[in-house]
Amino acid sequence: MQYTKKVIASMPKAYAIGTFDGADARSFVIGVEKDGPIRRFALDGTPMETVTEGPGGVMTVTQVPGRDDQLLATTEFFSPNFGADTAGIACYTRGADGTWSSHRICDLPYVHRFGLLTGADGQLWLIACTIKSACRQVKNDWLTPGAVYVAKLGDDLATATVEPTLLTGCQLQNHGFWYAPDHSFALVSTAAGVFRYTPPATADGAWDVRCLIVQPTSDICMVDFDGDGKDEILTLSAFHGDTLSVWHETEVEDTYQKVWEDPEKRDFLHAIWSGELAGEKCAIVGNRKAGRDLLRVYYADGAYQLEVIDHDRGPANCWVIDDDGQARVIAANRETDEVALYDVTA
């Protein structure tokens, strides 16, 4: 594929990406890791408006399902090293006049990733992952592992508060999070491996939590690379690690084995996305040190392959959008303080 790059904004420590199909237009938003705003852009990269000027610390930003005026985002997660004691999740609602209001729905120290899932009964759930539980003012302190919390959500997030309850504790280096496009389940990756979380199917039901891969894993996503009808799992390992791998489900349900590993080590792998790009199932990944590349992972001629989209930019996160047939890759290039848009030609 061919990629034409356009830098659409300078945002120091650009980090989180989320799509936002608003009542006025389809768009995407970018949040920053440190002090700073969440900004909204049209699908062609044209700046639209500022959702909030701060406080920043945005690790995750996502649209509320069924709403064309509402986003949820982490707030005040400035660092896993004694910089997230006041972190929580905020709701941002766009008014008819185009202005945004904010409301903090919960306090959750060290909340890093989260998502919104829908049970078989239609109940909307928050699933939120804390990367650790506390810090002793020592860098890279993992003495108190993180956890996974859940909460039922109603229709009044613009004013309501929620109280997440502990679902699973002792989640060391609880970093990776991916959810199915239909919001039916999520994958969470930790130092213990990759776990699938499925919300209850009924009001009195229980969460289903299953381990799919036993390997220290930093980030994950799923896509059917080889077209056999089963989604593979792509992993970045270990924590903020250097190894890119693909795992395929075996004949035993929910059991995966490694079928490919990138022979090249790539320092600080972090950015990750999967889905369809210009008609082809693939994944986009990126690393924040050394080569600081943005890469496409795909399957062709009976093998998993890589191609370089961009080099030496240091993406923290990436996403793919389709603008009336024009495929684009968005990259929050944290290490170079830029937001980039790549037009894709198959």
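Predicted model: local features only at pLDDT ≥ 70, side-chain atom pairs only at ≥ 80, totals over all residues.

**Nonpolar cores**
- The largest nonpolar core has 42 residues, and Leu 71, Leu 72, Ile 89, Tyr 92 and Leu 126 touch the most other members.
- Leaving aside residues up to four places away in sequence, Leu 126 touches a list of residues including Ile 89, Phe 114, Tyr 149, Val 150 and Pro 164.
- There's also a second, separate core of 27 residues, with Phe 185, Ile 213, Met 222 and Leu 244 among them.

**Strand E12 and its partners**
- Seven of the nine residues of E12 are buried, so this strand is largely enclosed by the rest of the structure.
- E12 pairs with E11 in the antiparallel sense over eight bridges, and Ile 127 has Val 150 of E12 as its bridge partner.
- E12 also pairs with E13 (residues 165–171), again antiparallel, over four bridges; here Val 150 sits opposite Thr 165.

- The largest pocket has a volume of about 1,200 Å³, and of its 49 lining residues, Thr 19, Tyr 179, Trp 273, Ser 274 and Trp 319 are the closest to its centre.
- E22 (269–277) gives the most to that lining, with seven residues.
- That lining divides into 26 nonpolar, 13 polar and 10 charged residues.
- The second largest pocket holds about 400 Å³ of space, and of its 23 lining residues, Pro 80, Asn 81, His 240, Phe 268 and Arg 288 lie nearest its centre.

Key:
Residues numbered from 1 in each chain as written. Heavy atoms only, no water. Core = buried A, V, L, I, M, F, W, Y, C linked by side-chain atoms within 4.5 Å. Buried < 20%, exposed > 50% of the residue type's maximum accessible area, 1.4 Å probe, protein only. Contact = heavy atoms within 4.5 Å. Helix = DSSP H or I, 4+ residues; strand = E, 2+ residues; numbered from the N terminus. Pairing = 2+ DSSP bridges. 1 Å grid on protein atoms, 1.4 Å probe; cavity = no way out; pocket = protein on both sides within 12 Å on 5 of 7 lines; lining within 4 Å. Points joined across faces, edges and corners; volume = space filled by probe spheres on them. Nonpolar A, V, L, I, M, F, W, Y, C, P; charged D, E, K, R; others polar.
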